[in-house]
Amino acid sequence: MIRYLFFLSVLAACSAGTTYFRDLPATRVAVNGSVFDVRVRGELAEAVRVNTQYAPRLGPIRDRAGLAMAQVSGCPILDVLGDAAVTVGVLGCDRAAGERLLLTSISTRNYECIDYGVYEDLGSDYGYQVFECTPY
């Protein structure tokens, strides 16, 4: 029983976010099969991948995380750093002033995303947005 409780507490902490973002509410977003909890603070956004995927490489996850952070923040993403589980993106706009910076972004330049609306997640109390993004 103690092992089971420990395992559940470890799983619950997996999507809590890093220390800088931990106290912020998350927006759950799915992009091309990857599901992220996205938090935004200041000029940074964090995307924590919460679904299981077999041996994901950072390459495809990086692009999907950037797209998820762009959808939630409303800003282009200038750079994405991290690993296949937790990524941090640099926002390309000043959210407080509502101004976009005139810098090239990595996330919105080469992709077109379709918002499929909010879908209920059977394992939680809230739904999440689902996007399908394709290069153009």
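Are R28 and D37 buried or exposed? Select the two residues and take a look: both R28 and D37 are buried. Keep in mind as you click around that this is a predicted model.

**Stop 1: the R28–D37 pair**

Stay with those two and show their side chains. R28 and D37 meet in a salt bridge, at 2.7 Å from N to O. Opposite charges on side chains can pair up when the charged atoms come close. With the cut-off for a salt bridge set at 4 Å, the model has three of them, so let's go and find the others.

**Stop 2: D23 and R41**

Next, select D23 and R41. Their side chains form a salt bridge as well, with N and O 3.0 Å apart. D23 sits in the loop between α1 (2-14) and β1 (27-31), while R41 belongs to strand β2 (residues 34-41), so this contact ties together parts that are 18 residues apart in sequence. D23 is exposed, at 59% relative accessible area, and R41 is partly exposed, at 25%.

**Stop 3: D79 and R62**

Now jump to D79 and R62, where you'll find a salt bridge of 3.1 Å, N to O. Here a strand meets a helix: D79 is in β4 (residues 77-82) and R62 is in α2 (residues 58-73), so the pair ties together parts 17 residues apart in sequence. What about the surface here? D79 counts as partly exposed, with 31% relative accessibility, and R62 is partly exposed too, at 24%.

**Stop 4: strand β3**

Hide the side chains, go back to the cartoon and select residues 44-49. This is strand β3, and the strand is mostly covered, with five of its six residues buried. Which strands does β3 pair with? One is β2, which runs antiparallel to β3 over six bridges. The other to click is β5 (residues 86-91), also antiparallel to β3, over five bridges.

**Stop 5: the bridge partners**

To see the pairing residue by residue, pick F36 and look across to β3, where its bridge partner is R49. Then pick A47 and look across to β5: the partner there is T87.

**Stop 6: the turn**

Finish at the hairpin that β2 and β3 make, which has two residues between the strands.

Terms used. Residues numbered from 1 in each chain as written. Predicted model: local features only at pLDDT ≥ 70, side-chain atom pairs only at ≥ 80, totals over all residues. Heavy atoms only, no water. Helix = DSSP H or I, 4+ residues; strand = E, 2+ residues; numbered from the N terminus. Buried < 20%, exposed > 50% of the residue type's maximum accessible area, 1.4 Å probe, protein only. Pairing = 2+ DSSP bridges.
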